[in-house]
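Please read this report with the sequence and the model side by side. The headings below move from the whole chain to single residues.

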Amino acid sequence: MIIPSIAVSENRQYYPASRLTLEKKGKYAMKETIQYTIRESSLGLTMAAVSGKGICAILLGDSAKALTADLKVRFPGAVIEKNDDALKETVEAVASYIGLPKGRFDGKLDVRGTEFQRKIWNQLRRIPAGTTASYTELAMALDAPNAVRAVAGACAANCLAVVIPCHRAVKNDGALSGYRWGVERKRKLLEMEGALPRGSCRVPRL
């Protein structure tokens, strides 16, 4: 069942997201800067990346090198900088939320995507912890019943892991499907939230 989303707090301060760079033509242009840090969480290595508007990426993985490469691919036009000290509080808040992903995440987000992707991500944020929705249900919620594959694609394109809970999207029969950061992480999240019986590979569906 889809319920209204919870508003995200606007109370955190972040660091400048642009700098002056000299282009080949000799003209000055603003180039975005994204700062990041990485720490351990209950799901392995967790990266929090921040722009001038808020947290723009939360990525999960097993290799700091791979996470950094992924961030650069997702934001190809940005200057990418590591800043452990400045983002310590931010990444700790992210890791804490990942450990118990219920209620609202108290952090300002910089959500980027196409109009369709943002609609899907908004629907995902309306799914309460401990419940799930099928890709078909998500498509029908947007009056687009034939867009099931596009819904799955939007879930895969999400770069704000857990905070935008694409792990709560499952197949029609409750079976776990692909997850950008690994099906085992998806299983663990759903178990922590109480949506998936421990040791099971299928979410009970009514």
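## Basis and confidence

This is a predicted model, in which local features need pLDDT of at least 70 and side-chain atom pairs count only at pLDDT 80 or more, whereas totals for chains, interfaces and linings use all residues. Residues are numbered from 1 along each chain as its sequence is written, and side-chain values use heavy atoms, with hydrogens and water left out.

The pLDDT, which is the predictor's confidence in each residue on a scale from 0 to 100, averages 85 for the protein, and 81% of the residues score at least 70. Confidence is lowest in strand S1 (residues 18–22), with a mean of 46, and highest in S4, with 98. Over residues 1–28 the pLDDT is below 50, although this stretch has 68 contacts in the model beyond near neighbours in sequence; a contact here means heavy atoms within 4.5 Å.

## Overall fold

The protein has 6 helices and 7 strands, where helices (H or I, at least four residues) and strands (E, at least two) are DSSP runs numbered from the N terminus. Read from the N terminus on, the elements follow the order β-β-β-β-α-β-α-α-β-α-α-β-α.

Of the 206 residues in the protein, 46% are buried; buried means under 20% relative accessible area, exposed over 50%, and partly exposed in between, with a 1.4 Å probe and protein chains only.

Helix H1 (residues 64–74) has as its buried residues Leu67, Thr68, Asp70 and Leu71. Seen down the axis of H1, these buried residues fall within an arc of 160°, so they line one face of the helix, the arc being that of the directions from the helix axis to the C-beta atoms. An α-helix has 3.6 residues a turn, so residues three or four places apart point the same way. The face of H1 turned away from the buried side carries the exposed residues Lys65 and Val73, and at the start of H1 a side-chain oxygen of Ser63 comes to within 3.3 Å of the backbone nitrogen of Lys65.

In H2 the buried residues are Thr90, Val91, Ala93, Val94, Ala95, Tyr97 and Ile98. The 12 residues of H2 should span 16 Å at 1.5 Å a residue, and the end C-alpha atoms are 17 Å apart, which agrees; the expected span is 1.5 Å times one less than the number of residues.

## Nonpolar cores

The largest nonpolar core has 48 residues, and those with the most contacts inside it are Leu71, Leu124 and Val162; such a core is a set of buried Ala, Val, Leu, Ile, Met, Phe, Trp, Tyr and Cys residues joined through side-chain atoms within 4.5 Å. Elements that each supply at least two residues of this core include strand S2 (28–41), strand S3 (44–50), H1 and helix H3 (115–124), while S4 gives the most, with 6 residues.

Leaving aside neighbours within four places in sequence, Val162 is in contact with Leu43, Leu60, Tyr97, Ile98, Pro101, His167, Tyr179 and Leu189. Apart from this core lies another, of 5 residues, among them Val170, Leu176, Leu190 and Leu196.

## Individual residues

The loop between H5 and strand S7 (169–170) holds Ala161, which counts as buried at 1% relative accessibility. Ala161 and Leu60 are 101 residues apart in sequence, yet their C-alpha atoms are 7.2 Å apart in space. His167 also has its place in the loop between H5 and S7 and is buried, with a relative accessible area of 0%. The side chain of His167 makes a polar contact with the side chain of Glu193 at 2.9 Å; a polar contact is a pair of N or O atoms within 3.5 Å, of which, within protein, one must be able to donate a hydrogen and the other to accept it, and residues adjacent in sequence count only if both atoms are side-chain atoms.

Arg185 is found in helix H6 (residues 183–193) and is buried, with a relative accessible area of 14%. The side chain of Arg185 reaches the backbone oxygen of Trp181 at 2.8 Å. Gly194, in the segment after H6, counts as exposed at 57% relative accessibility.
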